[in-house]
Amino acid sequence: IVWYRMFFRVGCVPSYLGKILANKHMVNEIVSETFFFFLLVPGIDGSGLADASLTDSYFSTSFIGVNGFGSPAETKYPMMQRMTNSSSSPSLLNDSAKQYTPNPSASEFIPKGGSTSRLSNVSQSSMSAFSQALFSHPSMGSPATAGLAPGMSLSAGSSPLHSPKITPHTSPAPRRRSHTPNPANYMVPTSASASVANAVSQPPSTGQVIQKETVGGTTYFYTDTTPAPLTGMVFPNYHIYHPAAPHVAYMQPKANAPSFFMADELRQELINRHLITMAQIDQADIPAVPAEVDSYHSLFPLEPLPPPNRIQKTSNFGYITSCYKAVNSKDDLPYCLRRIHGFRLVNTKCMVLVDMWKKIQHSNIVTLREVFTTKAFGEHSLVFAYDFHAGGETMMSRHFNDPSADAYFTKRKWGQHDGPLPRQHAGLLPESLIWAYIVQLSSALRTIHTAGLACRVMDPTKILVTGKTRLRVNCVGIFDVLTFDNSQNNPLALMAQFQQADLISLGKVVLALACNSLSGIQRENLQKAMELVTINYSSDLKNLILYLLTDQNRLRSVNDIMPMIGARFYTQLDAAQMRNDVIEEDLAKEVQNGRLFRLLAKLGTINERPEFQKDPTWSETGDRYLLKLFRDHLFHQVTEAGTPWIDLSHIISCLNKLDAGVPEKISLISRDEKSVLVVTYSDLKRCFENTFQELIAAANGQL
């Protein structure tokens, strides 16, 4: 009788009771176990329970369990745990008692030190088979190992995935009555021919899932034929932001505030690049810049324009040059145009070399795209079109624009000082930075020489620095066109000679970087410069400079300096990959921003619309009213004191749940606090999509 009342209390299917009563041996075991249960549990016979008993044993976590199916400390009575964990079931002590909703975080659910559940000594010889058959799944093991899956309620009627409260502290969590399959449900055998005692050893029927529903204080169980998900595979049912990867989080100091967006330094760098890329000029203020040059338009000077009557030529190419940013009308991409003033191309044989340069693609070389002649500037000009790298500056302006850096070579006479100052006091560059430059420049030269060409522009004024340490050799191929000899049958005849000059130029660049001064590469200062390098840098760097600047009896190759660089190649490769990890991690923070912005943009077109289809109350009725209340739930919540409650994570979480349409319930309160609507995110998503499609149809003239 006692067991019958207990089964009726939890609303169990009567067929199970019939199977139990039909087995005489099982009935005898149940009676004996019930009598033992009465002896062990105080208060079950109608007597009152002391407060200490309630705290230490009856509502302890070892009895109730964390997730309603037993805890790792107690797996002997999963059925009893499930019955007592229901938030809407009447008390087991008194039929007419007030409903009690257990709070898993309350003090009575926290085991006290030294206390032991009074049920821990109960033998499970007779109960284990029955309890495992009812609530266990063969592939999931015992109920203790099931864990808390997404959507599983901590107590019946409430969900751990409940939406944020109406106010941060006072709003009650809405109850959730989900009609979707719960991933945490266990499959049970339902075949009538299978006895309950042997159900543990038999596999469950495919798709037979026992669902629990609490209505009016009574818990019912029913069979759900929806297939259960794979065991142990749990995914969130809405979009989330994952934390930073450990290998990236430990690379740099952590910020005090949580980071939902990319680093400020990277953001500022990207913004500067965008500004430079989109920069334009007022054509009326600078009439010397034409509106169009060949297929390029929107020219923007990247360097100060030379005066119109300038006669002096540059020392690099022997011609007056100017540089512009322009957009190609064929592909709408920005390019860098290097104009050679007053140059008339009389022979097109040099285009063979230009075609060879077009084929070179390297991370440390600014790629040449095309060469053409034009009269758009009012005279014959030769224009070289290169890839545009916004925000790049020359090595000259980055490292050699400080006049005081030359003081060591210009203001001191040789022999009148105690020796070169140590690097930390002389303002010299770190050796690791110099090696990073050497690796990149030698890699560019190796690619150029392998293609049978020569760089011929290894000069600080023609080396671009982007970011912190990224180098690109600029203006390649210009000398090949300007100095092309039409009398030569083979245009590549002098390339071996030019390649040797490239190595000498590389040595001068490295020496200037080591001295942090261009004065160090002058012939009269070479001895002082090498002494400075010897004192402040490693012997490998000194030997590399000497090898590049010393005349050799044989032809040298850029591959000869590879042993001098040695394992520093691995250092640069590791640094590049770590930088790539950091950038990818910053990109991951922004990957959902476009989706969230589209949601907010759609929501903004719906809320507070003054009139639609001649209906001034359209945005205040029907589905639109729910979306208005959801907008208030997102942005207009207040604290108990009436101050605005602003939480970015709350906004992002609610928008993600709306986009995914999760079955979680949310309480929406009107502004006058007279109406409370409890809806699910899936309902809000349906209203959201239907309303926006209605607007789209009206905009397209379909309504």
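At what angle do helix α16 and helix α17 pack, and how far apart are their axes? Hold that while I say what we're looking at. This is a predicted model, where local features need pLDDT of at least 70, side-chain atom pairs count only at pLDDT 80 or more, and totals for chains, interfaces and linings use all residues. Residues are numbered from 1 along each chain as its sequence is written, and side-chain values use heavy atoms, with hydrogens and water left out.

Okay, the helices. α16 (residues 495–515) and α17 (residues 526–536) pack at about 65°, axes 9 Å apart. Helices here are DSSP runs of H or I, at least four residues, and strands are runs of E, at least two, numbered from the N terminus. Axes are lines fitted to C-alpha atoms, for helices over the stretch in contact, and angles run from 0 to 180 degrees between N-to-C directions. On the α16 side you have Leu-511, Ala-514 and Cys-515, meeting Leu-526, Ala-529, Met-530, Leu-532 and Val-533 of α17; contact means heavy atoms within 4.5 Å. By class, that's eight nonpolar residues, no polar and no charged. For the classes, Ala, Val, Leu, Ile, Met, Phe, Trp, Tyr, Cys and Pro are nonpolar, Asp, Glu, Lys and Arg are charged, and the others, Gly among them, are polar.

Next, the sheets. There's an open one of six strands, antiparallel, in the order β3-β4-β5-β6-β8-β7; strands pair if DSSP finds at least two bridges between them. β3 (292–293) and β7 (368–374) sit at the edges with a single partner strand each, so one side of each has no neighbour in the sheet. Further in, seven bridges join β5 (residues 321–328) to the antiparallel β6 (residues 334–341), and Ser-322 has Arg-339 in β6 as its bridge partner.

Another open sheet has three strands, β9-β10-β11, also paired antiparallel. Four bridges join β10 to β11, with Ile-463 partnered by Val-473 in β11. Helix α14 packs on this sheet, touching β10 and β11, and its direction makes about 30° with that of β11.

So what lines the largest pocket? It takes 42 residues, with Lys-468, Thr-469, Arg-470, Ala-575 and Arg-579 nearest the centre. Elements giving two or more residues include α14 (431–450), β10 (463–466) and β11 (470–473), but α20 gives the most, twelve. The lining divides into 17 nonpolar, 15 polar and ten charged. A pocket, on a 1 Å grid over the protein atoms alone with a 1.4 Å probe, is an open set of points with protein on both sides within 12 Å along at least five of seven lines, and lining residues have an atom within 4 Å of a point.
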